[in-house]
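Welcome! Here is a short tour for anyone opening this structure for the first time. Please take a look at the sequence and the 3D view, then read on.

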Amino acid sequence: MNKPDKLSGISSEVLSEIYDIRARLKRADFLYYVKDQPDISDADYDSMMRRLQELEAQYPQSISPDSPTQRVGIAPQSEFAEFEHRAPMLSLANAFAEEELRAFDDRCRRTLLLEPDESPQYVCEPKFDGLAVSLTYIDGMLSAGATRGDGYRGENITQNLRTVRSIPLDLKQNVKDIPSLIEVRGEIILTHDEFERINSERETTGEPTFANPRNAAAGSVRQLDARITASRRLTLFAYAVGACEGLEFANQYEVLCTLGDWGFKVNPDVRVCDSIDEVVGYVGEWGEKKDNLSYDVDGMVVKVNSFDLQTRLGFVARSPRWAIAYKFPSQQVRTQVNDIEVNVGRTGALTPVAILEPVLVGGVTVSRATLHNEDEIRRKDVRIGDTVVVQRAGEVIPEVVEVVKAERKGSEVEFVMPDHCPVCGADVVRESGEAVARCTGIACPAQIRETILHFASRAAMDIDGVGPALIDQLLNRQLIRDPADIYSLTVEDIEPLDRMARKSAEKAVNAITASKKVTLDRLIYALGIRHVGERTGAALAQRFGTLDALKAASVEEISKVPDVGPAVAASVAAFFSQPGNIDVIEKLRTAGIDPKVEARQESAIFAGKTIVFTGALQKMTRDQAQGMVFRLGGNPSSSVSGRTDLVLAGEKAGSKLDKAKSLGVPVVSEDEFLEMVSRAEDES
DNA sequence: CTGCCTCGAGTTCG
DNA sequence: CTCGAGGCAG
């Protein structure tokens, strides 16, 4: 890690002093922040830190990213870069009751074909309520830190995480071999004391206070100015390992012990249980303990200990079958139902919403809660004027749990689903067998508004600056009537509207113009065809290639698309048989919107081949590489097996490369791959 | 036909 | 996040 050539010009005495102070500060950090057993006074610590800062200021070439001085935070960034996790950060399935824990155990034992008296070992640990992050160490040095994001890509918050004292900047040597690359997963939290301190400080400066420690931790980590993060004393608890090269673990418990040895703070209350009964007992113990801690615990995580067994259990969708998160019952609060309103959605669905007397639930004011549909209201027997118990489902979305019948006075009013749309007055129908009631109005203003909003939304045409406020005004002034009209708007149309300065009008028009370059999958999704969401939009785009081809397709042809059945196909065909919709499509085309899916060259070099990428790519992103493979007829995949035809190995390729070699799968370098691609593109 | 599992649609608050 | 419903495997 030393680069002697860079360090020339510093005397060896100075260098050794720098290294010595760094080592002492790191040790002090570890004892203070990880072990909670400081060995030196704060004053001594501060004076060592100042001395190191002086030396580094004098010899800037000596500064390395693992120096404790780097924890104080560096200058503001403008925004966070995207960070791709090497191994995805999965979410866990939830359990809310003992029976669900037992069902989880049954499923594990059944899948593993265990005898009735056998049980896998489970590792059970309290689940902190904070935010998950991933730390990448290369050759034992902290090289990157990122938020969880969607599990596959998060934000690169390395500078902020460097300021967290319980995160080791380098892994402690001599304990266990340091892997060449490892992703350590952990939870960033704030203690109650620190949360109170930050809030009282914000109160005196007149800043808004945080609702709860979780929000405060999340807000602190996502600061663009790492110096602010440094001023909040965040804590990291490490609990898992993602990608790891050069070291194998046998089980979860070993991972936790090793993380502890390397200098991470790990959950002190981990327990290895030999049966589900023991797990249930331990979870029960914590139901009471959790409220007496100095930090928030919102549940218990239960994992199958052995990695062999984990591999055999595998995954369902986004979550592993070998772990489950038990959630403690959430905080429940009583309040009054002042009214029940009806919302009209994009598809005409009428959704009843309870208007509540505002109450604080888990630090957030709740004033509305969806009641989903008529059946749900009947089931819970919610009436206007009732006293109800509300909670925030999954700690986020408010939900009416039950009615407090004992509080009934007799003056409560039952809810009746209106038989005419509250917005346009058209008939409301509820198809037999369906739970939702729908407005049948073909020109219902509420439906049009929602359709346009959907069209402009992020996952659709992604027109930034065109939101509800602007769309409502445009509709009121009849400047637009359907989504396509957005493309005839000018700055002069928008500028005179309320809360619209020239700047925001220009921004909106620019975003509108930029959105013309959409891809076909997004455009199909944007049209708002019933039963066609993001996934189906992509599947249809892939199959038909252009909007015209989709428009011309018969129900039978549409049904051939994977995951599209009769209901979806009929809905798509019905959409294209409406003259109004054809009109919209024509207007879009006139505006220059008519994307095509780049044809897959079926005869191309990668036709029918499965190709896997491994290691860090230097000359392109993984997305770009996968796009090239796809256009040349191949199928990008993520794991090497006997069916893999080619492996592209980038820098620091690991186990996938080994596997490819052992299976005799051809391996190419990035340069060779690019050459193959460019040769193929020249020929076509 | 029945049980997954996945997807779509609607929703809350700061 | 939740619920409902569509698609598909067994």
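Predicted model: local features only at pLDDT ≥ 70, side-chain atom pairs only at ≥ 80, totals over all residues.

**Around DNA strand C**

- DNA strand C is surrounded by 14 residues, and the closest are Glu 434, Ala 435, Asp 563, Gly 565 and Val 568.
- By class, this surface is made up of seven nonpolar, four polar and three charged residues.
- Sugar or phosphate accounts for 100% of the atoms of DNA strand C within 4 Å of the protein.
- Backbone atoms reach the phosphates here: a polar backbone atom of Gly 565 is 2.3 Å from a phosphate oxygen of DNA strand C.

**Around DNA strand B**

- There are 24 residues around DNA strand B, and those that come nearest are Thr 347, Ser 367, His 531, Gly 533 and Thr 536.
- Of the atoms of DNA strand B that come within 4 Å of the protein, 98% belong to sugar and phosphate.
- Thr 536 uses its side chain: an N or O atom there is 2.5 Å from a phosphate oxygen of DNA strand B.
- Asn 343 has a polar side-chain atom 3.0 Å from a phosphate oxygen of DNA strand B, whereas His 531 has a backbone N or O atom 2.9 Å from one.
- Two or more residues of this surface come from each of β15 (349-361), β16 (364-370), β19 (397-403) and α18 (534-544).
- β16 gives six residues, the largest share of the surface near DNA strand B.
- The residues of this surface divide into nine nonpolar, ten polar and five charged.

**Two packed helices**

- Helix α4 (residues 98-111) packs with helix α10 (residues 276-289) at an angle of about 150°, and their axes are 10 Å apart.
- The two helices, α4 and α10, are therefore roughly antiparallel to each other, and their crossing is right-handed.
- On the α4 side, Glu 98, Leu 101, Arg 102 and Asp 105 meet Ile 276, Asp 277, Val 280 and Val 283 of α10.
- The residues of this contact between α4 and α10 are four nonpolar, four charged and no polar.

Methods: Residues numbered from 1 in each chain as written. Chains lettered and ligands numbered in written order. Heavy atoms only, no water. Axes fitted to C-alpha atoms, helices over the stretch in contact; angles between N-to-C directions. Helix = DSSP H or I, 4+ residues; strand = E, 2+ residues; numbered from the N terminus. Parallel < 35°, antiparallel > 145°, perpendicular 65-115°, else oblique. Left-handed = near helix turned anticlockwise from the far one by under 90°. Contact = heavy atoms within 4.5 Å. Nonpolar A, V, L, I, M, F, W, Y, C, P; charged D, E, K, R; others polar. Near = heavy atom within 4 Å. Polar contact = N/O pair within 3.5 Å; in protein donor to acceptor, adjacent residues only side chain to side chain.
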